Amino acid sequence: MLISFSRGTWHLIFVLMLILGKIFFSSGCDPGLLLDWDFPGSDIKTLFSPDAEHCQHLCTQEASCLFWAFIGPYCMVDNRHYHCFLKATPSGKPEKQNPKQGTTAGYSLKSSPSLSKVYEDVDFPGADYRALFTADYQACQKACTEDPFCQFFTFINGKYKCHLKYSWSVARTPAVTAVADRISGFSRCHPSCQQTLFPNINFPGSDIEVHQAGSPELCQVLCSAHPKCTYFSFVSNEFKCYLKNNPNTMAPKDGIGITSGLPSRSCHVKMYEGVDFPNSDIRYFSLNVAESCENACTSDPNCQFYSFITTSRLCYLKRVITMPAPPKVMNLANVVSGFSLRNYFL
């Protein structure tokens, strides 16, 4: 027997099939993008992102992120445009999901990001460290790719102005604490520096940024990776690294417990006894010695740094986001923004 439905009934059936289909695929961690869909709640971090694909790569690099949601520029029900919400739950699956116009949701991936796309009429404001004139946005992107400090750019049409911009490309530990039974360190693939350091010397003033660091050597790594850092001072009892910019004057003064220095690009590997890098864990397991933990981190392409607990013989492998992430994204006519074409490995 043939059953006929009205046009409105068919529309309702189509919508229900769409919703059920999205629930079915998302429960299996499908790597595709779920358009007009949201995973509300369970946020662990919020970042700016130019599109859903970039948001997905940010989630993939964040150690604790399992799924995400991105609010696009044409969302009519939420004005938090270009916001990327990284999310996680104990079960690994969203606790809630529902349709939401202008929002895209998805899951973490395990692949390398491709950032060749450019964004017309989209600005990446802030994070500028250099400006030059180029004929078009392609030449601006080429200049960004060839500059080792450049992570992304914005080109102004009509004015031929190319703004090169920067975000951190080295792993920065979110926190550093003194714990007696901890030994911490970095993957031997992590860039580090030779010891051109000045103990008990302070370079006061001219601060541009302050970061947590486990040692003067790690503070030197951060200074070497920052395009504006001309020298630094590390305060040992606070684990604070002060990056400074003053190309004209450097006035050293005595400072007990403070180590200062200049940027450098030579390799230096060191373990830090009695220092913990808490959080950012990707996995942990039992090992006998800290050297084995360092080897495990170095052999794991996802690991950037580690902490080893000597009392329990547990090795924690860790990572943070290091791919380019603009500090803000917004609509702006007559500009083109994009990323360096260098490869960024997760």
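This is a predicted model: local features need pLDDT of at least 70, side-chain atom pairs count only at pLDDT 80 or more; totals for chains, interfaces and linings use all residues.

Colleague: Let us begin with the whole chain. How many helices and strands are there in the chain?

Modeller: The chain has 5 helices and 20 strands. Of its 346 residues, 47% count as buried. The accessible surface comes to about 17,100 Å², and carbon and sulfur atoms hold 57% of that surface.

Colleague: What share of the contacts with a separation of 6 or more is made by residues 24 or more positions apart?

Modeller: That share is 71%.

Colleague: Why may one call α4 largely enclosed by the rest of the structure?

Modeller: A residue is called buried when its relative accessible area is under 20%. For α4, 10 of the 10 residues are buried, so the helix is largely enclosed by the rest of the structure. The buried residues of α4 include Glu217 and Gln220 as well as Leu218 and Val221.

Colleague: Let us turn to the disulfides. How many does a search of the whole structure find?

Modeller: The search finds 8 disulfides. One of them is formed by Cys219 and Cys241, whose sulfur atoms are 2.0 Å apart. The torsion about their S-S bond is about 80°, so this disulfide is right-handed. It links distant parts of the chain, with Cys219 in helix α4 and Cys241 in strand β14, 22 residues apart. Both Cys219 and Cys241 are buried.

Colleague: Is the link of Cys223 and Cys229 right-handed or left-handed?

Modeller: With -95° about the S-S bond, the link of Cys223 and Cys229 is left-handed. Their sulfur atoms are 2.1 Å apart, and both cysteines are buried.

Colleague: Where in the chain do Cys293 and Cys315 lie?

Modeller: Cys293 is in helix α5 (residues 290–299) and Cys315 is in strand β19 (residues 314–318), so that pair also links distant parts of the chain, being 22 residues apart. A disulfide joins the two, with 2.1 Å from S to S. With 80° about the S-S bond, the link of Cys293 and Cys315 is right-handed. Both of these residues are buried.

Colleague: Now the aromatic rings. How many aromatic pairs does a search of the whole structure find?

Modeller: There are 14 aromatic pairs. Two quantities describe such a pair: the distance between the ring centres and the angle between the planes. The rings of Tyr119 and Phe124 have centres 6.3 Å apart and planes at 50°, so the pair is tilted. Tyr119 counts as buried at 9% relative accessibility, and Phe124 is buried at 0%. Ring pairs also link Tyr119 and Phe124 with Phe152 and Phe339 into a cluster.

Colleague: What parts of the structure does the pair of Phe186 and Phe277 tie together?

Modeller: The centres of these two rings are 5.5 Å apart and the planes are at 55°, so the pair is tilted. Phe186 lies in strand β10 (residues 177–186) and Phe277 in the loop between β16 and β17 (281–286), so the pair ties together parts that are 91 residues apart in sequence. Phe186 counts as buried at 8% relative accessibility, and Phe277 counts as buried at 0%.

Colleague: Finally, the backbone angles. What is the phi of Asp36, and where is this residue placed?

Modeller: Phi of Asp36 is near 55°, a positive value in a residue other than glycine. Asp36 is placed in strand β1 (residues 34–38). At 40% relative accessibility, Asp36 counts as partly exposed.

Colleague: Is Tyr82 buried or exposed?

Modeller: Tyr82 counts as buried, at 4% relative accessibility. Its phi is positive, about 65°, although Tyr82 is not a glycine. Tyr82 lies in the loop between β3 (67–71) and β4 (83–87).

Terms used:
Residues are numbered from 1 along each chain as its sequence is written. Side-chain values use heavy atoms; hydrogens and water are left out. Buried means under 20% relative accessible area, exposed over 50%, partly exposed in between (1.4 Å probe, protein chains only). Helices (H or I, at least four residues) and strands (E, at least two) are DSSP runs, numbered from the N terminus. A disulfide is a pair of cysteine sulfur atoms within 2.5 Å. Contact means heavy atoms within 4.5 Å. Accessible areas come from the Shrake-Rupley method with a 1.4 Å probe; for residues, only the protein chains shown count as cover. Rings of Phe, Tyr and Trp (its six-membered ring) pair if their centres lie within 6.5 Å; planes under 30 degrees apart count as stacked, over 60 as edge-to-face and the rest as tilted.
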